[in-house]
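Biologist: I am new to this model. Please take me through it, one point at a time.

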Amino acid sequence: MARIGVMGGTFDPIHYGHLVTAEEARVQFGLSQVLFVPNHYPPHKTLDGVTPPEHRYHMTLLATVTNPSFAASRIEIDRPGPSYSIDTILELRRAHQAGDLFYITGADAILQIVRGAWERAAELLTLCQFIAASRPGFPIDVDDLRKFNVTGNPLANIHVIEIPALAISSTDIRRRVAEGRPIRYLVPEPVETYIMKHELYRGAGR
Ligand code: NAP
């Protein structure tokens, strides 16, 4: 049975931390493919200050194009309204009927899910497995996951991986661009060129 990774994010912008996470998850969990799914409308953010979805999608495409196991998906970009992950997973389950899905995301997101903060969180936990990537110094406390788990589901579907490269963050990259500091070696070169060409993040204090 195919095992497919679904790498969800705002990717504003995508960086090497995301790419290393996806590659590590691919190898550790024997995934045949990782789909990068930039959201259109992050359900947990105001759109104020978030870069338009087409720019974020293009940067994701540029960053993933050289890895034959990676693909950028428009599934959320083309769906109007808030990009609820449950809708994406249900759509992908229909498209990959014989596959197991592994949703890869940041550590904070997993805590939000077990706290029931995401749309239909309890159901989501039964539809796919989760790979939670944590930054060094911010380990996921499994006891916290248990303590805050309001979904009623066992948490066996949640896997944790620590990714040193996640010391890179989108917030830091946006700040660096705004301050005229280098982002070389933090993002793939074509992404850096795209950011400069489209003058993204110039006034970003976010
Ligand atoms: P975020 O809240 O901006 O990020 C939280 C932390 O996780 C940041 O440190 C972020 O690092 C990191 N992160 C985000 N995506 C990651 C990934 N795929 N792998 C490793 N680290 C990651 O997160 P977001 O990107 O906006 O949201 C993550 C995903 O959850 C999105 O697809 C979003 O649509 C989905 N989501 C769904 C619901 C819902 O269905 N109700 C609610 C909330 C979020 P960087 O800033 O460096 O990326």
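Biologist: Is Phe36 buried or exposed?
Modeller: This is a predicted model: local features need pLDDT of at least 70, side-chain atom pairs count only at pLDDT 80 or more, and totals for chains, interfaces and linings use all residues. Residues are numbered from 1 along each chain as its sequence is written, and side-chain values use heavy atoms, with hydrogens and water left out. Buried means under 20% relative accessible area, exposed over 50%, and partly exposed in between, with a 1.4 Å probe and protein chains only. Phe36 has 0% relative accessibility, so Phe36 is buried.

Biologist: How many aromatic pairs does a search of the whole structure find?
Modeller: Rings of Phe, Tyr and Trp (its six-membered ring) pair if their centres lie within 6.5 Å; planes under 30 degrees apart are stacked, over 60 edge-to-face, and the rest tilted. With that rule, the search of the whole structure gives a count of five.

Biologist: What kind of pair do Phe11 and Phe36 make?
Modeller: A pair of aromatic rings is described by the distance of the centres and the angle of the planes. For Phe11 and Phe36 the centres are 6.0 Å apart and the planes meet at 45°, so the pair is tilted.

Biologist: How many residues apart are Phe11 and Phe36?
Modeller: Helices (H or I, at least four residues) and strands (E, at least two) are DSSP runs, numbered from the N terminus. Phe11 is in the loop between strand E1 (3-9) and helix H1 (16-28), while Phe36 is in strand E2 (residues 33-38). The pair links distant parts of the chain, and the separation is 25 residues.

Biologist: Is Phe11 buried or exposed, and which cluster holds it?
Modeller: Phe11 has a relative accessible area of 4%, so Phe11 is buried. Its aromatic cluster consists of Phe11, Phe36 and Phe70.

Biologist: What is the angle between the planes of Tyr103 and Phe130?
Modeller: These two residues form an aromatic pair, 5.8 Å centre to centre. The pair is tilted, with the planes at 55°.

Biologist: Which strands does that pair tie together?
Modeller: Both Tyr103 and Phe130 are buried. They are 27 residues apart in sequence. Tyr103 lies in E4 (residues 100-106) and Phe130 in E5 (residues 129-134), so the strands tied together are E4 and E5.

Biologist: How much of the ligand does the protein bury?
Modeller: Some polar contacts come first (pairs of N or O atoms within 3.5 Å). A side-chain atom of Thr10 lies 2.5 Å from a ligand oxygen, and a side-chain atom of Tyr103 lies 3.2 Å from a ligand oxygen. Accessible areas come from the Shrake-Rupley method with a 1.4 Å probe. Taken alone the ligand exposes 870 Å², and the buried share is 89%.

Biologist: Which residues does the cis peptide bond join?
Modeller: Most residues other than glycine have a negative phi, and most peptide bonds are trans. Here omega is about 0°, and the bond joins Asp12 and Pro13.

Biologist: Where does Tyr185 lie, and is it buried or exposed?
Modeller: Phi of Tyr185 is near 75°, a positive value in a residue other than glycine. Tyr185 lies in the loop between helix H7 (170-178) and helix H8 (189-197). At 66% relative accessibility, Tyr185 counts as exposed.

Biologist: Which ring does the charged end of Arg74 sit over?
Modeller: A charge sits over a ring if NZ of Lys or CZ of Arg is within 6 Å of the ring centre and within 35 degrees of the ring normal. For Arg74 the distance to the centre is 4.7 Å, and the ring is that of Tyr57.

Biologist: What is the N to O distance in the salt bridge of Lys147 and Asp144?
Modeller: A salt bridge is a side-chain nitrogen of Lys or Arg within 4 Å of a carboxyl oxygen of Asp or Glu. The structure holds nine. Here the side chains of Lys147 and Asp144 meet at 3.2 Å.

Biologist: Which helix holds Lys147 and Asp144?
Modeller: Lys147 is exposed at 59% relative accessibility, whereas Asp144 is partly exposed at 22%. They are three residues apart, about one turn, and both lie in helix H6.

Biologist: Which residues do salt bridges with shared partners join into one network?
Modeller: The side chains of Asp78 and Arg74 meet in a salt bridge at 2.9 Å, N to O. The network consists of Glu54, Arg74 and Asp78.

Notes
Polar contact = N/O pair within 3.5 Å; in protein donor to acceptor, adjacent residues only side chain to side chain.
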